Amino acid sequence: MRALIVSDIHSNLQALDAVLADAEDAGGYDEVWFLGDLVGYGSDPVACIDRLRGLPHVAVAGNHDHAVTGKLNPDLFNGAARAAALWTTQQLSDEEMEYLIALPEVLQAGKFTHVHGSLRDPVMEYLISEPAALATFALMETPFCLVGHSHYPLVWSEDNGRAVVELLDPTTPLFLESGRRMIVNPGSVGQPRDGDWRASYLLYESERGGDGGVLLHRRVEYDLAGAQRGILAAGLPETLATRLGSGH
Ligand code: ZN
């Protein structure tokens, strides 16, 4: 079984399409595992929802999905994020809204748990500190947990009661062993924040590597100028366009 693992698409259709094409070139996939924040920030929420729904997939909700549907108060966001959430709400049909509303916050499937933020706070907590990672390890009922939200491609490994973090690297496959529990973030498709503007994602192969399979990190260039033009043409805050180019 091969899965395409993506998170934080954020209505960036150019980035999503580049990832889908790159994953096909890399051997394809049987299903998509999406970790939340399909919408918010970018200018193509409807097309991104359509793309994902057109593929065999499982998905969980992110904080931006919740803000667009009203499950989360957009006033909790900074100005640009709030403006994008309110704009996105106006673009979606009832049916597209229903799809976002129905997304679960946590999903357990085989050896993996899927959640946007963390297991103790599914849509809001950033898994970027050791105490946060340890709290999620304590709640995990599977060997591996997949998260998004921070937009950093990284892996937390459990090691003698500690949690050790490493950035993912496209040159180094991540072999999964059930005896070594891990929390993995594929990075962001639509708004990377680790200083590299290219879309970030993972391919999973269950039949290769350790008894848990292997994760392959990939980065792919996309039509950055097109995504930026879309944001400006939609009247969204200019900062949402410029930050895409810096990868922050
Ligand atoms: Zn996000």
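This is a predicted model: local features need pLDDT of at least 70, side-chain atom pairs count only at pLDDT 80 or more; totals for chains, interfaces and linings use all residues.

Visitor: Where is Ala26 found?

Guide: Ala26 is in a loop, between helix H1 (13–25) and strand S2 (31–34).

Visitor: Is Ala26 buried, exposed or partly exposed?

Guide: Ala26 is partly exposed. Its relative accessible area is 29%. Buried would need under 20%, and exposed over 50%.

Visitor: And what separates Ala26 from Val68?

Guide: Their C-alpha atoms are separated by 33 Å. Along the chain, Ala26 and Val68 are 42 residues apart.

Visitor: New topic. Which residues are the protein donors of the zinc ion?

Guide: They are Asp8 (OD), His10 (NE2), Asp37 (OD) and His151 (NE2). These donors lie 2.0 to 2.4 Å from the zinc ion.

Visitor: How are they spaced along the chain?

Guide: The spacing is D-x1-H-x26-D-x113-H. Asp8 lies in the loop between strand S1 (2–6) and H1. His151 lies in the loop between strand S6 (144–146) and strand S7 (153–159). The pair therefore ties together parts that are 143 residues apart in sequence.

Visitor: Are Asp8 and His151 buried or exposed?

Guide: Asp8 is buried, with a relative accessible area of 0%. His151 is buried too, at 2%.

Visitor: What about the angles at the zinc ion?

Guide: They run from 86 to 174 degrees among the 4 donor atoms, and the site is irregular. A tetrahedral site needs all angles between 85 and 135 degrees. Water is not among the atoms, so sites may look incomplete.

Visitor: Let's move to helices. At what angle do H7 and H8 pack?

Guide: About 170 degrees. H7 covers residues 224–233 and H8 covers residues 238–246. Their axes are 8 Å apart.

Visitor: Parallel or antiparallel, then?

Guide: Roughly antiparallel. Angles over 145 degrees count that way.

Visitor: Which residues meet there?

Guide: From H7, Leu224, Ala227, Gln228, Ile231 and Leu232. From H8, Glu238, Leu240, Ala241, Thr242, Leu244 and Gly245. The residues of this contact divide into 7 nonpolar, 3 polar and 1 charged.

Visitor: One more. Which residues are buried in H6?

Guide: In helix H6 (residues 130–139), Ala132, Ala133, Ala135, Thr136 and Phe137 are buried.

Visitor: What do they pack against?

Guide: Strands. The buried residues of H6 pack against S6, S7, strand S8 (162–167) and strand S10 (182–186).

Terms used. Residues are numbered from 1 along each chain as its sequence is written. Side-chain values use heavy atoms; hydrogens and water are left out. Axes are lines fitted to C-alpha atoms, for helices over the stretch in contact, and angles run from 0 to 180 degrees between N-to-C directions. Helices (H or I, at least four residues) and strands (E, at least two) are DSSP runs, numbered from the N terminus. Angles under 35 degrees count as roughly parallel, over 145 as roughly antiparallel, 65 to 115 as roughly perpendicular and the rest as oblique. Contact means heavy atoms within 4.5 Å. Ala, Val, Leu, Ile, Met, Phe, Trp, Tyr, Cys and Pro count as nonpolar, Asp, Glu, Lys and Arg as charged, and the others, Gly among them, as polar. Buried means under 20% relative accessible area, exposed over 50%, partly exposed in between (1.4 Å probe, protein chains only). Donors are N, O and S atoms within 2.8 Å of the metal (3.2 Å for Na, K and Ca); water is not among the atoms, so sites may look incomplete. Four donors count as tetrahedral if all angles lie between 85 and 135 degrees; four count as square planar and six as octahedral if opposite donors are over 155 degrees apart and all others between 65 and 115; anything else is irregular.
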